[in-house]
Amino acid sequence: MEPGAVGGGMIYGGWEYVWVVYGVSWAVLGFYTVIALVFRGRALAAESSLVSSPSAENPPQESTS
Amino acid sequence: MKWELPLIGLGAILLTIAHVWGLFIAPPEAMMGDVGRILYVHVPTAWAALVILTVSFIAAIGALWTSSYSWDAAVEAFAEVGVILTALLLFQGSLWAKPTWGVFWTWDPRLTTSAVLVVLFLGVLVLRRIVDNPEKRMTVSAVATIIAYVDVPIVYFAIKWWRTLHQPFSSPDTVDSAMVSPLRVAAFGMLFLAIGIAIARWRSIRARLHAESDAPELPDLPAPLDLGGI
């Protein structure tokens, strides 16, 4: 295969590609992690409010004092 | 026990150590030079994506078997993380291909089957948004996930089954010993991070499905008013 053709064996460039790949990968993973944790926090908050809120099956305790 | 925060923390720490190691301590690749350092993020992303999509496939079987919303939520959570990782993988690969192959993209079997994988699992996620009925959505998306998963072994073995530009499997046999350790640490880091994110997503998707199933049935809408041609 001729040099310069696809897979021709010539290497053009170096660190600039490395920085873009690592920068974008860390940015995407970081942003996605934050989004996932925000939604998780909301879900856990909603879950705990359901557990603590009174319902027909779990009526509030009358105060005897 | 909530495992997601320790997993995300451990994954981030391991990934940081491995990337500093791979970028500044490990030697440059013999043929590619410094651009070969993309290995430490590209290969772990690929491995994590395939493992995560395998969990989605197992969850799909679990959902069909048990009709449980927990398994159904796992199908969506792991498919979503798998799509993000596979899309990231294609981006990383195309930026590695440009300096080494001379093009950002070529219709190589490994690249093509990976692109098909993103489209298939994206289809699963779209399908889940389209189908409103929870039981029907569980069944349809589980079957779609099982069908989409057929592409995972094809992606993995594409470099073995067809003539390809892509390098062979990364293993201690094909990677220099000075590069194996940072690659291994990065692989565990990426896997822990991906599983942690997927568990976090599973928790919120499961809460959404429970809220949906607890919601009261809406009454039928009244017939539209006959305005008599106005």
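# A first look at chain B

H4(B) and H5(B) pack with their axes 9 Å apart, at an angle of about 175° (axes are lines fitted to C-alpha atoms, for helices over the stretch in contact, and angles run from 0 to 180 degrees between N-to-C directions). The two helices are therefore roughly antiparallel to each other, a label for angles over 145 degrees. This is a predicted model, in which local features need pLDDT of at least 70 and side-chain atom pairs count only at pLDDT 80 or more, while totals for chains, interfaces and linings use all residues. Residues are numbered from 1 along each chain as its sequence is written, with chains lettered from A and ligands numbered from 1 in the order in which they are written.

**The helix pair**

- Leu120(B), Phe121(B), Gly123(B), Val124(B), Leu127(B) and Arg128(B) of H4(B) meet Arg137(B), Val140(B), Ser141(B), Ala144(B), Thr145(B) and Ala148(B) of H5(B).
- By class, this contact of H4(B) with H5(B) has 7 nonpolar, 3 polar and 2 charged residues (Ala, Val, Leu, Ile, Met, Phe, Trp, Tyr, Cys and Pro count as nonpolar, Asp, Glu, Lys and Arg as charged, and the others, Gly among them, as polar).

**The chain as a whole**

- Chain B has 7 helices and 0 strands; helices are DSSP runs of H or I with at least four residues, strands are runs of E with at least two, and both are numbered from the N terminus.
- The C-alpha atoms of chain B fill a box of roughly 80 × 45 × 40 Å along the principal axes.
- Of its 230 residues, 45% count as buried, with 20 or more other C-beta atoms, placed from the backbone, within 10 Å of their own.

**The nonpolar core**

- The largest nonpolar core has 74 residues; such a core is a set of buried Ala, Val, Leu, Ile, Met, Phe, Trp, Tyr and Cys residues joined through C-beta atoms within 7 Å.
- H3(B) gives the largest share of this core, 17 residues.
- Ile52(B), Phe78(B), Ala194(B) and Ala198(B) have the most contacts inside the core.
- Leaving aside neighbours within four places in sequence, Ala194(B) is in contact with Ala48(B), Ile52(B), Val81(B) and Leu85(B); contact means C-beta atoms, placed from the backbone, within 7 Å.

**Where chain B meets chain A**

- On this side, 31 residues of chain B are in contact with 30 residues of chain A.
- H3(B) provides the largest share of the side of chain B that touches chain A, with 10 residues.
- That side of chain B has 18 nonpolar, 7 polar and 6 charged residues.

Key:
A residue is buried if 20 or more other C-beta atoms lie within 10 Å of its own, exposed if 12 or fewer, and partly exposed in between; C-beta atoms are placed from the backbone. Two residues are in contact if their C-beta atoms, placed from the backbone, lie within 7 Å. Angles under 35 degrees count as roughly parallel, over 145 as roughly antiparallel, 65 to 115 as roughly perpendicular and the rest as oblique.
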